[in-house]
Amino acid sequence: MTIEKLQNIIDISNSTVFFGGAGVSTESGLPDFRSPDGIYMSKQKYPPETMLSHTFFMEHTEEFWDFYRNMLYCPEAKPNAAHTKLAELEKAGKLTAVITQNIDGLHSAAGSKNVFELHGSALRNYCMKCGKFYSGDEVMAVKGIPKCTCDGTIKPDVVLYEESLDDETVSGAINAIASADTLIVAGTSLTVYPAAGFIRYFRGKNLILINRDKTAMDSAFSHIIHGKVGEIMNKIKV
Ligand code: NAD
Ligand code: ZN
């Protein structure tokens, strides 16, 4: 599909929803999981799915925090053209919702309002004992396991492997997808479930994929652009 065609679809759609993954933030300098320079290739002692699992957090809390601080938290990252354009489209009434698998908070930072963060946010952390919240900066400032004033262990407010997604976020995301007439899926390998399965709720006309590499689900899409989502969205006029 050409960018002109994408522009045309966005212009005439009544309800466009964007569903993104780690590839939406690579142009902000955050590594994704499955690209050659992604976190999977960074040669850790264990695979990322293991290190980012609930079991690993409970049994190797200090190692979890070391990995998480080094690989997944990056306060310097700034929204790129994809995040910015989506926020502008929403403001102009041309985009209903952003659904993201990312935990970096960059859609909200760019100004998007209706954002469903399926996997939580690295900007929030909470005490597992008393529930008190801590910012990303607060937990980054300490070494080892961050502890609450009540001595409870602090955990990032992100959904780890083996954990379930937040009910309200899930139903909000599914409702948005089910009532959209255009769904733009971008920067995701569509391999992390249940999130990847959400696109099955789409009943609209235009199911669009913008992704650098092929995904396992390319054949499900009515329109595909292989390329960089920031560069592509940058060319869209609001
Ligand atoms: P993934 O790493 O499995 O796949 C990323 C996909 O994006 C790849 O298919 C790649 O070709 C594509 N891609 C990379 N850069 C791109 C670009 N500039 N433009 C277009 N496409 C691009 O990512 P996933 O499917 O989101 O699954 C990874 C899981 O890990 C997610 O659940 C997410 O929560 C988490 N994660 C989050 C972040 C973040 O918050 N920034 C970073 C890494 C991983
Ligand atoms: Zn506490």
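The second largest pocket of this predicted model is lined by 15 residues, of which Gly 120, Arg 124, Asp 157, Val 159 and Asp 166 lie nearest its centre. Strand S4 (120-127) and strand S6 (154-158) are the elements that give two or more residues to this lining. Residues are numbered from 1 along each chain as its sequence is written, and chains are lettered from A and ligands numbered from 1 in the order in which they are written. Local features need pLDDT of at least 70 and side-chain atom pairs count only at pLDDT 80 or more, while totals for chains, interfaces and linings use all residues; side-chain values use heavy atoms, with hydrogens and water left out.

**Second largest pocket**
- S6 gives the most to the lining of the second largest pocket, with four residues; strands (E, at least two residues) and helices (H or I, at least four) are DSSP runs numbered from the N terminus.
- About 230 Å³ of space lies in the second largest pocket, a volume being the space filled by probe spheres set on grid points joined across faces, edges and corners.
- A pocket is an open set of points on a 1 Å grid over the protein atoms alone, where a 1.4 Å probe fits, with protein on both sides within 12 Å along at least five of seven lines; lining residues have an atom within 4 Å of a point.
- The lining of the second largest pocket has six nonpolar, three polar and six charged residues.

**Largest pocket and ligand 1**
- Of the 45 residues lining the largest pocket, Gly 21, Ala 22, Asp 32, Phe 33 and Asn 102 lie nearest its centre.
- Ligand 1 is surrounded by 27 residues (a heavy atom within 4 Å), and the closest are Phe 33, Arg 34, Gln 101, Ser 189 and Asp 213.
- Taken alone, ligand 1 exposes 860 Å², and the protein buries 96% of that (Shrake-Rupley method, 1.4 Å probe).

**Backbone geometry**
- Most residues other than glycine have a negative phi, and most peptide bonds are trans.
- Tyr 193 and Pro 194 are joined by a cis peptide bond, with omega about 5 degrees; Pro 194 is found in the loop between strand S7 (182-186) and strand S8 (206-211).
- Glu 162, a residue other than glycine, has a positive phi near 80 degrees, and its place is in the loop between S6 and helix H8 (167-178).

How values were computed:
Nonpolar A, V, L, I, M, F, W, Y, C, P; charged D, E, K, R; others polar.
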